[in-house]
Amino acid sequence: MTTERHLATIDELCVRDFPAAHGWSEVGAGGPGYHLVVLETTRGFGTGDRSGRKELADQFTAYREGVSQRLGERWGSARPVSLAGVFLRSEDPEERIPKPWAYLSAYVGWVDLWEADGTGRWVAVGVAEPVEGSEFQLLALVTELPPP
């Protein structure tokens, strides 16, 4: 995919109605108040030869930076946000972390974040680095739920 397609997907999610229940659609996961989409993914990295990890990490960082630069032209500089604390808090049964943020924090260490002008929605873009058996992924979250 290209940066243009990634931006078009994010634009669509900024105006699309949120699903009434948690589940999957043609664009990815979603539920009340959010859409979560995989914009880019490796194929076979999680089950094949894991050499080239550094090069793939650099490539996915470049994908994120490309999307973030273009979104920054629209909405101003991204706010880099660490999700490490969100992840730790989501592990606490006493905490009530909104589902999209808890889910995203399980895969992505930090995101570039914007409040999308005029939409009432937040947009977060980050890279999920693979653990055993998974792939690199460029993820985008569009939600009406502010970050915790």
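A residue counts as buried when its relative accessible area is under 20%. Keep that cut-off in mind for this predicted model.

**Stop 1: Phe60.** Select Phe60. Its relative accessibility is 2%, so Phe60 counts as buried.

**Stop 2: Tyr63.** Is Tyr63 buried or partly exposed? At 24% relative accessibility, Tyr63 counts as partly exposed. Now show helix H2, residues 53-75. Phe60 and Tyr63 are three residues apart in H2, so about one helical turn separates them.

**Stop 3: the ring pair.** The structure holds four aromatic pairs. One of them is Phe60 with Tyr63, in an edge-to-face arrangement. The centres lie 5.0 Å apart, with 75° between the planes. Phe60, Tyr63 and Phe136 form one aromatic cluster.

**Stop 4: Arg74 and Trp75.** Select this pair of residues. The charged end of Arg74 sits over the ring of Trp75. It is 5.9 Å from the ring centre.

**Stop 5: strand E7.** Select residues 137-143, which make up strand E7. How many of the seven residues of E7 are buried? Six are, so the strand is largely enclosed by the rest of the structure.

**Stop 6: the partners of E7.** Show strand E3, residues 34-41. E3 runs antiparallel to E7, and seven bridges join them. Then show strand E6, residues 121-128. E6 also pairs with E7 in the antiparallel sense, over seven bridges.

**Stop 7: Leu139.** Finish on Leu139 in E7. Leu139 is the bridge partner of Val38. Leu139 is also the bridge partner of Gly126.

Definitions and conventions: Residues are numbered from 1 along each chain as its sequence is written. This is a predicted model: local features need pLDDT of at least 70, side-chain atom pairs count only at pLDDT 80 or more; totals for chains, interfaces and linings use all residues. Side-chain values use heavy atoms; hydrogens and water are left out. Buried means under 20% relative accessible area, exposed over 50%, partly exposed in between (1.4 Å probe, protein chains only). Helices (H or I, at least four residues) and strands (E, at least two) are DSSP runs, numbered from the N terminus. Two strands pair if DSSP finds at least two bridges between them. Rings of Phe, Tyr and Trp (its six-membered ring) pair if their centres lie within 6.5 Å; planes under 30 degrees apart count as stacked, over 60 as edge-to-face and the rest as tilted. A charge sits over a ring if NZ of Lys or CZ of Arg is within 6 Å of the ring centre and within 35 degrees of the ring normal.
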